[in-house]
Each structure stands twice: as structure tokens, then as C-alpha cells.
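Welcome, and please take a moment to look over the molecule shown below.

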Amino acid sequence: MAHPISESEIEKTETQIGAKLPSAYRESMKASNGKDHAATDEDEWELHPIKDTSDRKRISLTAYDILKETESARDWRGFPTEGIVIGNNGMGDLLILRKTKEGIEDVIYAFWHETSEITKIADSFDKLERE
């Protein structure tokens, strides 16, 4: 079941990140807020929600949001300081966005935890196959 998120809740997370999230990603989260999956040639990815503080139920449903997952990943060997975790494959690998001086890139990357390698997965969020 989808749990839409409001623009104001997305903006709260963007304020904490210090940049605006890519538009295709924002639009997808507005409709489902992480309650779907993305598939690539490499793997299937569970998407993390954006924190929604609008009521108690939504706070609970979004407890493992992109900010919390990113904070946790910062302790991992080789995780990029500019990385923002938006999903995982259930085996330790992470789907990430990257923040630059200009803002957050549209490009979607995978962070492979065993090697600390980062590979480009898609040119933008809307290029991912979602289920």
C-alpha cells in the first residue's frame, strides 16, 4: 500500500541534506514514499522512505528513512561522504544519490559494500524499472 508524502515533508529532509532531491525521485516519493522496489540488471532494490512527521503512524512507517540509512552507512568502510542512501538490496549493497557543490545529481549509483566500489546504475531515477 502506497503512503504518499507531502511537499512540505520532502522539503524538511532537503533542508537537512542541504540540497533539493532530483525531481523524478521527488515525484515518485510523493506518490509512494518508498513503498516500492526498483530493479536493475544488477539487482532488485528496496527503496527507503523519506521521513514523514505528519502523524504518529507515518512517523512509524518511515522510521528507517533516507537520512537515518545514510547516517548509518557513513560508518562503513569506503562509503562516500557525499552519498545519500535511497535503497538497499537486502545483502548490504546500497542504492545512492551523490551530492555535489551544485546539488544532488540525478544519476543513481550502487555502493557495493564488500569492495566499496561505486558504479553507475541509471542516468536518473525515472530510468529505473520500478515495481
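Which helix and which strand each supply at least two residues of the lining of the largest pocket? They are helix H4 (66–73) and strand S3 (83–88). Before going further, please keep in mind that this is a predicted model, in which local features need pLDDT of at least 70, side-chain atom pairs count only at pLDDT 80 or more, and totals for chains, interfaces and linings use all residues. Residues are numbered from 1 along each chain as its sequence is written, and side-chain values use heavy atoms, with hydrogens and water left out. Helices (H or I, at least four residues) and strands (E, at least two) are DSSP runs, numbered from the N terminus.

Let us stay with the empty spaces. Rolling a probe the size of a water molecule over the atoms shows where empty space is left. On a 1 Å grid over the protein atoms alone, a cavity is a set of points where a 1.4 Å probe fits but cannot get out, while a pocket is an open set with protein on both sides within 12 Å along at least five of seven lines; lining residues have an atom within 4 Å of a point. Grid points are joined across faces, edges and corners, and a volume is the space filled by probe spheres set on the points.

The largest pocket holds about 160 Å³ of space. H4 gives the most to its lining, with three residues. Among the lining residues you can find Ile 17, Leu 67, Arg 74, Ile 84 and Lys 99. Sorted by class, the lining has three nonpolar, three polar and four charged residues (Ala, Val, Leu, Ile, Met, Phe, Trp, Tyr, Cys and Pro count as nonpolar, Asp, Glu, Lys and Arg as charged, and the others, Gly among them, as polar).

There is also one cavity of 30 Å³ or more. The largest cavity has a volume of about 50 Å³, and its lining includes His 3, Asn 33, Pro 49 and Arg 58.

Now for the rings. The whole structure has four aromatic pairs (rings of Phe, Tyr and Trp, its six-membered ring, pair if their centres lie within 6.5 Å; planes under 30 degrees apart count as stacked, over 60 as edge-to-face and the rest as tilted). Tyr 25 and Phe 125 form an edge-to-face pair, because their ring centres are 5.2 Å apart and their planes stand at 85 degrees. Tyr 25 lies in helix H2 (residues 23–32) and Phe 125 in the loop between strand S7 (117–122) and strand S8 (129–130), so the pair ties together parts 100 residues apart in sequence. Tyr 25 is buried, at 0% relative accessible area (buried means under 20%, exposed over 50%, partly exposed in between, with a 1.4 Å probe and protein chains only). Phe 125 is buried as well, at 1%.

Trp 76 and Phe 111 make a tilted pair, with centres 6.3 Å apart and planes at 45 degrees. Trp 76 is partly exposed, at 33%, whereas Phe 111 counts as buried, at 0%. Together with Phe 79, these two form one aromatic cluster.

Finally, find Asn 88 in strand S3. Asn 88 is buried, with a relative accessible area of 18%. Leaving aside neighbours within four places in sequence, Asn 88 is in contact (heavy atoms within 4.5 Å) with residues including Glu 44, Trp 45 and Leu 95.
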